[in-house]
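Here's a walk through one chain of this model and its contact with a neighbour. Keep the viewer open as you read.

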Amino acid sequence: MKRKGLGFYLRIYFKILAQDLKSKMSYRADFIISTFGMIFTNIAGFVSFRIMFGNFPSINGYNYYEILFLYGFSLISITPTQCMLDNNWSLRQQVYSGDFIKYCFRPINLFFYYESEIFDVKGLGQLAFGIGTLVYAWAKLGMAVTPLAVVKVTVYLMTASLVMAALQNAGAASCFWIENSFYVLDLAFRFKDYAKYPITIFSTVFRFVFTYIIPIAFIAYYPALVVLRPEDVPLLSWLSPPAGCVFFFLSYKLWMLGASKYNGTGS
Amino acid sequence: MENIIEIKNITKEFRVPDRREGLKGSIKDLFSRRYHTVKAVDDISMEIKQGEIVGYLGPNGAGKSTTIKMMTGVLEPSSGEITVNGCVPYKNRTRNAQNIGVVFGQRSQLWWALPLIESFKLLKDIYMIPDEQYDEMMSLYGSLVDIEPLLHKPVRQMSLGQRTLSDILAAFLHDPKIVFLDEPTIGLDVSMKAKIRTLIAELNRRKNTTVILTTHDMGDVDALCERIVIIDHGKMLYDNDIEHLKKFFGAYRTLKLRVRGDMEQEAQRIAEELPMCSVKTDDNWISVLVNEDEQKVVSVLSQLQNSHDIRDMQLEEISSEEVIKRIYEGGVE
């Protein structure tokens, strides 16, 4: 049998994606409503952000546009998780009911096959919104647009998104061990709300927790500093790409370990 | 012929927590948990040849699904050896998956929102099915079932029967060596059942695919299986061809009689006249179970004719269902 490499998986992914989009668009009302829902969610998020900043002109030495930059950064780095790992939300239900077993009989990577089933299109709107915010903040901050800066932002965004993915994977994988694991995943996902603030506003304990235990500081703060404060980059910022890869790898291993322990319910 | 599946003394144990009763018990459970082991599969061995259709039977909870999960590589046996198509399934789950097809009666593995044809195309890519083989399979399907109306229908809009049919077609698409069918006809109407049985039989014949079939429907067994394996409480009760099983119980026939007079009294008299046979009675019939090795039904009948006024009679062969029921209840011995 031929080895199934990255090319193979990408091709399969895009084929499933294309089919999925096609079938989603055939449910027009559903498509339109969810698109509107997504737009309003983002506007609401932005409005509450504005209101808060109406009251505090700066947070811990970060001005409005810098915080806006972090906000945009976190929106983008959350997007891949939202779009591509959305099926993690139904993992608990599938494991509980025994339906998960049906994913175990294909000759391809189980994690890939499971997650490829669903692509959440709504996330793409968030991506556009995030990019808009980031570009706007970038311009207002008057930072230079050099090819190096663009490359840096892209690389750091990609690795930051792995951290979010890792968090969600690990939260979802908990269902292989804990029966009522919804709260774990929900909690893991809610932590992302703290990712858009500079970690320095939190107390020492939380700073430690958000850096080393539930590493949400790697979703936006540390990686964004590389372009935001290039003259004073902490070590952890430089380490954020490998950290993203390591966290993701560990969460993937945890997920697969859980899946291999899984034995289904009787049928 | 060579063996496609070889199973040697496999056992699967599960550790099940003993849950204590009540709220107090639940709190105690939080701190100290006791476990006991349950043997879902207990020392089972069998060999299955390429091209066989094996009916894998047993009451609910007998260990059928567990055995199938071990053969498909989802579960690792606690002890014993298992090879499927020359490799150990749980160690090579993805490689094993290339050579098997699986259908679970009520859990469709197809993409829920996609029309069947799109699911087929995705499977073609996933299993890397060559174009020629794919086309050949599709034209074979076309000749066996009326596939055209199914192809462009999203799976979620299909009836249960159409979905099962589609799942079976999908399982055979990559021309696997073995197909596992777990209760494929559950919940289907009579004509759909017949259609699915014919389809399975045809695919097995044309492609020489080994089929492992679990079912509670004796119709499936009678229509498809030459060999049956019966397990209960994880232990193997029977493994032989179905003819042998019928022969074993085939010596027994049930003679049903309707006689003039009070049925209860007449039944009593018949029981006294025929000490070798067991006699039962219900509202309409007196049933006499005759072992033909000891006494021919014809002689029993002529004996009874002299002493009773027989108005109607029926002769019943023992059905596979009856046979299996007896095995579940009492074993072959």
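Two strands pair if DSSP finds at least two bridges between them. Helices (H or I, at least four residues) and strands (E, at least two) are themselves DSSP runs, numbered from the N terminus.

Some housekeeping before the tour: this is a predicted model, where local features need pLDDT of at least 70 and side-chain atom pairs count only at pLDDT 80 or more, while totals for chains, interfaces and linings use all residues. Residues are numbered from 1 along each chain as its sequence is written, and chains are lettered from A and ligands numbered from 1 in the order in which they are written.

Chain B has 13 helices and 13 strands. Six of the strands build an open sheet with mixed pairing, in the order β5-β6-β7-β3-β8-β9 (chain B). At its edges sit β5 and β9 of chain B, each pairing on one side only. β8(B) pairs with β9(B) in the antiparallel sense, over six bridges; Ile228(B), for instance, has Asn240(B) in β9(B) as its bridge partner.

| Strand | Residues |
|---|---|
| β3 (chain B) | 53–57 |
| β6 (chain B) | 178–182 |
| β7 (chain B) | 210–214 |
| β8 (chain B) | 227–232 |
| β9 (chain B) | 235–241 |

**Helices.** α2(B) lies across β3, β5, β6, β7 and β8 of chain B, and runs at about 155 degrees to β6(B). Axes here are lines fitted to C-alpha atoms, for helices over the stretch in contact, and angles run from 0 to 180 degrees between N-to-C directions.

Next, look at α7 (160–172) and α8 (190–207) of chain B, which pack at about 5 degrees with their axes 10 Å apart. That makes α7(B) roughly parallel to α8(B) (angles under 35 degrees count as such). Among the residues making the contact are Leu165(B) and Ile168(B) from α7(B), plus Ile196(B) and Leu199(B) from α8(B).

**Meeting chain A.** Residues are in contact if their C-beta atoms, placed from the backbone, lie within 7 Å. By that rule, 24 residues of chain B touch 21 residues of chain A. On the chain B side, α2 (64–72), α3 (93–99), β5 (100–104) and α4 (116–126) give two or more residues each.

**Overall layout.** Chain B splits into domain 1 (3–8 + 44–246) and domain 2 (251–330), with bounds from an automatic or database domain assignment. Their centres, taken over C-alpha atoms, are 41 Å apart. Along the principal axes, the C-alpha atoms of chain B fill a box of roughly 75 × 60 × 45 Å.

Note on methods:
Two residues are in contact if their C-beta atoms, placed from the backbone, lie within 7 Å. Angles under 35 degrees count as roughly parallel, over 145 as roughly antiparallel, 65 to 115 as roughly perpendicular and the rest as oblique.
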